[in-house]
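This report describes one protein chain for a reader who is new to structural analysis. Please examine the sequence and the structure shown below before reading on.

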Amino acid sequence: MRDPLPPLPGVQAFEAAARLGSFAAAAAELHLSPAAVSQRVRSLETHLGVPLFERLARSVALTELGRAYLPAVRESLDDLAAATGGLFAPARREQLTVRTQVSYATTWLAPHLHLFRAEHPEIDLRVVSAVWSEALVPGEVDVDIHQGRGAWAGVHAELLHHDDAVVVVGLRHVDRFGPVRDVADLADRPRIRVLGFDDVWQRLLPPTPGGPTATVDTTVTALELVAAGDASAVLPERFVRSAVREGRVGLALPRSFPMRQAHYLLRSHDDPTPSPRARAFVAWLARLDEQVPALPGGDRRR
């Protein structure tokens, strides 16, 4: 069991009197009488069994044990104030909660959120990510973005992004296996497949005896595996733009491939009209493709 806590009113009075140097000043800060502050400090001293102050004519001075006790008291009160303010203080700014998959949040939102903050400094953004799509909980999420084929029970789905896929390879791939002139060149080379993802591999290449080098459950994991080695992966072009332009992975072929999945905005049929901050975020997403254009050959519609 935890040791008994000291009387908290006494702890607060002790810290204020130690910081301000008198019971009268502590009383003014705490909106108490000097006698009440003195009584609270006495209660704490009785609990501890030692005096914390030397009472002087017009002030107080900490005893040796009082000086030793004060740093821990201040740290505890500061931690409590910070935790209380962080969790329960009334919001002074607009907050926007966006829910989406880990890969979308990591590869598409994260590299570009500074652009949204520059346009809307008044909005605090909260991103909640999930590996698999969840049922929409009314009132908890302002913008809900999921990848799929546009059919979710009980919600209205509005198309946000068409997606095409591209083949990316690790930077050591060509040195080890030679150039990639066609998809067929990848048939016998190590590949990475994303579980539960629109598997373009199955439409591009026949199954091979060895199969993929690895199977993972998110496209961001596949991207990191490609960047760290010499394998290839088929991933949404949108998700690899930053990695290709930063030179972390290479674009194996100068073309893209259609995907059956796309990104949608989900909204409950019973939800009210999206808030102004939600509309601002969606409008920014629509403009982001112009600010961060597709890779050369990475969008078959352009």
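Arg 287 counts as partly exposed, at 33% relative accessibility; partly exposed lies between buried, under 20% relative accessible area, and exposed, over 50% (1.4 Å probe, protein chains only). Its partner in a salt bridge is Glu 119, with the closest N and O atoms 2.4 Å apart. A salt bridge requires a side-chain nitrogen of Lys or Arg within 4 Å of a carboxyl oxygen of Asp or Glu. Glu 119 belongs to helix 6 (residues 113–119) and Arg 287 to helix 11 (residues 276–291), 168 residues apart. Glu 119 is likewise partly exposed, at 34% relative accessibility.

**Basis of the model**

The model is predicted: local features need pLDDT of at least 70, side-chain atom pairs count only at pLDDT 80 or more, and totals for chains, interfaces and linings use all residues. Residues are numbered from 1 along each chain as its sequence is written, and side-chain values use heavy atoms, leaving out hydrogens and water.

**Further salt bridges**

The chain has 15 salt bridges by this rule. Arg 238 and Asp 289 form one of them, at 2.8 Å from N to O. This pair joins helix 10 to helix 11, across 51 residues; helices here are DSSP runs (H or I, at least four residues), numbered from the N terminus. Both Arg 238 and Asp 289 are buried.

Conventions
Helix = DSSP H or I, 4+ residues; strand = E, 2+ residues; numbered from the N terminus.
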